[in-house]
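Keep the sequence and the 3D view open as you go.

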Amino acid sequence: MHEELAAVLALMPDESRQQAAGREFWVGHLHGQEVVAVLSRIGKVAAATTAAVLVERFGVGGIVFTGVAGGLAPGVGVGDVVVADAFLQHDLDASPIFPRWEVPLTGTSRFPTHAGLSDRLAQAAARALPGTPVHRGLVVSGDRFVATAAESQQLREDLPEALAVEMEGAAIAQVCHDYGLPFAAVRTISDRADDTAHVDFARFVQEVASRQSAAIVQALLA
Ligand code: ADE
């Protein structure tokens, strides 16, 4: 979200703007490390394009993704943090040609994140946000904002391991897998993907998420 990017840019003393694919990429340093900061945009296709440009145009050595998500698993509440161990596209279904959720021609439905980078990200989140529960596990992505209790209940039944739902992570995980690059993702829970999700989401992004991403990124690179 714009609010999250603004807080990250405030930590970069020397960022310069470069445009590609209709996006603004901010190239500079954060805690002395070379970084490129960019909005993924919303949805799987937009996020995959952004990730591919980061790799092809900017030559990044890995991608760390921050953002918000709807909580799915019973213990994952608003304000908690989820560090993804793997991603799956919950709205991908080429059955009966391929098993439900499998990405055709890859033989898998789950793309793991980089274990070492994810460990560092989880430790950074714990340092940046003391007292905040940090969960690790499966995050599911789809091109749908989940905003009814009925839909989130269906997702829980279909994918009981899923901790949270969002709209981009699985796309970036797949791009990084294709390029053989490390990927890690952290999501702050903005809502419970239920009937009040849209209200909770808007308030959370304004008041909390904007600070959260920058604090975690700062702790990761410190
Ligand atoms: N991101 C944050 N909350 C979400 C939700 N309920 N569904 C999809 N993506 C989200």
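Strands here are DSSP runs of E with at least two residues, and helices are runs of H or I with at least four, both numbered from the N terminus. Two strands pair if DSSP finds at least two bridges between them. The model is predicted, so local features need pLDDT of at least 70 and side-chain atom pairs pLDDT 80 or more, while totals for chains, interfaces and linings use all residues. Residues are numbered from 1 along each chain as its sequence is written, and side-chain values use heavy atoms, without hydrogens and water.

**Exercise 1.** Work out the order of the strands in the open sheet, and find which strands stand at its edges.

*Solution.* 
Step 1: The sheet has 3 strands in the order E1-E2-E3, with antiparallel pairing.
Step 2: E1 (16-20) and E3 (33-37) each have a single partner strand, so one side of each lacks a neighbour in the sheet.
Step 3: Look at one pair: E1 and E2 (residues 23-30) are joined antiparallel over 5 bridges. Among them, Ser 16 has Val 27 in E2 as its bridge partner.

**Exercise 2.** Find which residues are closest to the ligand, and which atoms make polar contacts with it.

*Solution.* 
Step 1: Now check polar contacts (N or O pairs within 3.5 Å). A ligand nitrogen is 2.6 Å from a side-chain N or O atom of Asp 191. A backbone N or O atom of Val 146 is 2.8 Å from a ligand nitrogen, and for a polar backbone atom of Gly 70 the distance to a ligand nitrogen is 3.3 Å.
Step 2: E4 (63-71), E8 (162-166) and E9 (183-191) each supply at least two shell residues.

Note on methods
Polar contact = N/O pair within 3.5 Å; in protein donor to acceptor, adjacent residues only side chain to side chain.
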